[in-house]
Amino acid sequence: MKPPRLAAGAALSLLLLNAFGEQFYQTKTPYQPQQTSASYEAPPQGYHAIHTQLLARHGSRGLSSMKTDLALYKLWQMADKEGALTPLGTQLGADILQMMKANALLGYGVAGIGKPGYGNETMQGVAEHQQLAERMIRRLPELFRDAPGGPASPPRRIVLVTSGKDRAVDSGDYFAGALMARQPNLQPLIIRPPSKAPRAETIHDSRPAGTDRFLLYFHKLSARQDLVADRGDPLYGTYQASQAYQAWAKSDELSKREAVVLAQPQVAAAARSAMERLFTPAFIAGLDQGRYRAANSGTYSYISADGKFTNKLTGDGDTVIQSSVDAAQALYELYAAAADMRVELQADFAAYMPAPQAAVFAATEDAIAFYTKGPGIRENGDVNYRMAQTLLDDFFSEVDAVAKGDLSHAAKLRFAHAEIVIPMAAILGLRGMSEQLPRATAYSYENSPWRGAAVAPMAANIQWDVYTNGQRTLLRMLYNEKETDFKPACDHAKVAPGSHFYDYARLRSCYNIAN
């Protein structure tokens with residue numbers, strides 16, 4: 001069945017239901033594997049798994065900070081004071097407060113969460129990584145069975161690195177914990193290597209072992225923390241690529257393009273439809289005419305049920321709602337976040353954001369993400385994903401070592417963010433995830449296959465499984481656990497037409513990886 005469409009003339013079409021039977025969460029979509037392992041192609045006869053790699057986004061999380069929820073609550077208070085709420089709108093205030101409290105206390109009492117509050121993984125996110133680890137070990141039982149070594153073979157390491165951000169670190173810990181729960185003798189094999197840092201840097205205290213910002217946080221390398229001035233430093237190119245990307249992210253051109261996306265007629269119409277269910281027409285008109293304005297200001301304290309933890313938070317006032325589109329966007333963000341907080345949150349934000357309106361704001365989010373994080377504008381070249389080259393090189397470097405007989409690493413596991421997974425998919429040239437658009441063509445669902453829900457749902461992951469017969473090395477890629485082809489130009493490296501196994505030497509040559 002074809003997905004329903006918006007009214008005639010609208011540029012955006014609706015998406016099909018996701019794996020949960022619900023709609024329109026985009027990069028906030030809860031994770032589901034996209035293929036069952038029982039349906040995977042069997043390796044060619046005589047080959048066995050010898051190595052695996054993973055890049056994973058952190059699992060489902062709450063809101064990253066007290067911004068849109070507080071700003072929307074302030075707007076709700078204004079409407080409440082003026083008697084401008086509908087019966088449905090009257091319910092909204094309590095549900096926003098419930099979300100604010102759930103996020104302020106998020107992670108409290110959960111083993112492994114060091115600092116409760118906004119930005120943490122939810123229980124859903126914890127489970128996503130635990131289950132991902134369990135499926136990996138079930139998929140490659142011999143690899144993990146043999147990793148501890150024996151009388152004739154030394155133990156093989158499982159290398160674990162993260163961006164250093166709490167939710168990525170926690171994802172790695174929960175993933176590793178699930179591996180060890182299934183096979184306890186893996187515990188001594190898991191290592192967190194020293195962090196990469198510019199070679200001119202002498203103090204690495206801010207870079208705990210297992211942290212690698214250049215590999216897994218390259219979109220935000222800063223002069224204060226990551227400056228690389230020496231052109232001969234191997235990290236120089238990554239630092240420069242990060243600066244170029246950040247310049248684009250702050251550019252007037254990108255701001256204007258985002259404004260054009262938000263100014264589309266269907267966005268205003270969807271915003272009005274969503275807001276009319278909550279506020280009176282006079283209040284909405286006043287908001288759009290500038291008579292009402294709400295910012296995320298104020299201080300709120302939250303106490304855990306056992307009374308042992310208090311979190312006091314103050315809004316910074318930087319997030320401002322001054323139009324019905326702003327309000328609807330904020331509501332959409334809470335609707336999407338609620339999908340990742342099913343254990344912690346009982347409020348049903350789908351009641352406030354019906355599917356037709358959610359579809360419009362999902363498409364709007366995809367359009368903005370396509371330009372800010374995705375493959376972007378053709379005339380801009382590779383500015384959106386050039387910084388991922390160091391990560392691509394790292395993947396190939398691990399396989400290089402195995403192909404040359406260095407079996408010290410059984411696996412390398414990396415935990416990061418959507419801003420890392422998305423450019424990695426682009427630099428790999430994956431179908432539906434890397435196609436750019438010319439500057440003169442505005443992104444829409446009609447002219448681009450790029451979708452945030454497919455490229456970077458919560459716990460999005462790229463896995464490379466390496467196989468050998470003792471003479472030849474083969475490689476298979478899984479994207480969100482679905483067998484996935486490398487870029488079309490590398491089809492000649494497949495061991496057979498239609499296969500998902502690639503001759504590694506040919507694949508490496510196809511990507512022009514330097515020796």
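Analyst: Let's start with Glu481, which counts as buried at 2% relative accessibility; buried means under 20% relative accessible area, exposed over 50%, and partly exposed in between, using a 1.4 Å probe and protein chains only. Before going on: this is a predicted model, where local features need pLDDT of at least 70 and side-chain atom pairs count only at pLDDT 80 or more, while totals for chains, interfaces and linings use all residues. Residues are numbered from 1 along each chain as its sequence is written, and side-chain values use heavy atoms, with hydrogens and water left out.

Glu481 sits in the loop between S8 and S9. Helices (H or I, at least four residues) and strands (E, at least two) are DSSP runs, numbered from the N terminus. Asn480 is in the loop between strand S8 (473-479) and strand S9 (482-483) too, and it is buried at 3% relative accessibility. What about the backbone here? Most residues other than glycine have a negative phi. Asn480, though not a glycine, has a positive phi of about 50 degrees, and Glu481, also a residue other than glycine, has a positive phi near 70 degrees.

Another loop gives a contrast. Lys250 lies between helix H8 (236-249) and H9, and with a relative accessible area of 67% it is exposed.

Now for the helices. H10 (residues 265-276) has 12 residues and reaches 17 Å from its first C-alpha to its last, close to the 16 Å expected at 1.5 Å a residue; that expected span is 1.5 Å times one less than the number of residues. Gln266, Val267, Ala270, Ala271, Ala274 and Met275 of H10 are buried. Looking down the axis of H10, these buried residues fall within an arc of 160 degrees, so they line one face of the helix; the arc is taken from the directions between the helix axis and the C-beta atoms. That buried set packs against helices H9 (252-262), H11 (281-288), H12 (324-338) and H13 (355-372), where contact means heavy atoms within 4.5 Å.

Just after H11, Gly290 takes a positive phi of about 90 degrees.

Back to H9: its axis and that of H13 come within 10 Å and cross at roughly 165 degrees, with axes fitted to C-alpha atoms, for helices over the stretch in contact, and angles running from 0 to 180 degrees between N-to-C directions. That makes H9 roughly antiparallel to H13; under 35 degrees counts as roughly parallel, over 145 as roughly antiparallel, 65 to 115 as roughly perpendicular, and the rest as oblique. Leu254, Arg257, Glu258, Val261 and Leu262 of H9 make the contact with Thr364, Ala367, Ile368, Tyr371 and Thr372 of H13.

Finally, H1 (residues 68-81) packs with H12 at an angle of about 125 degrees, their axes 9 Å apart, which makes H1 oblique to H12. Here Thr68, Asp69, Leu72 and Leu75 in H1 meet Ala327, Ala330, Leu331, Glu333 and Leu334 in H12.
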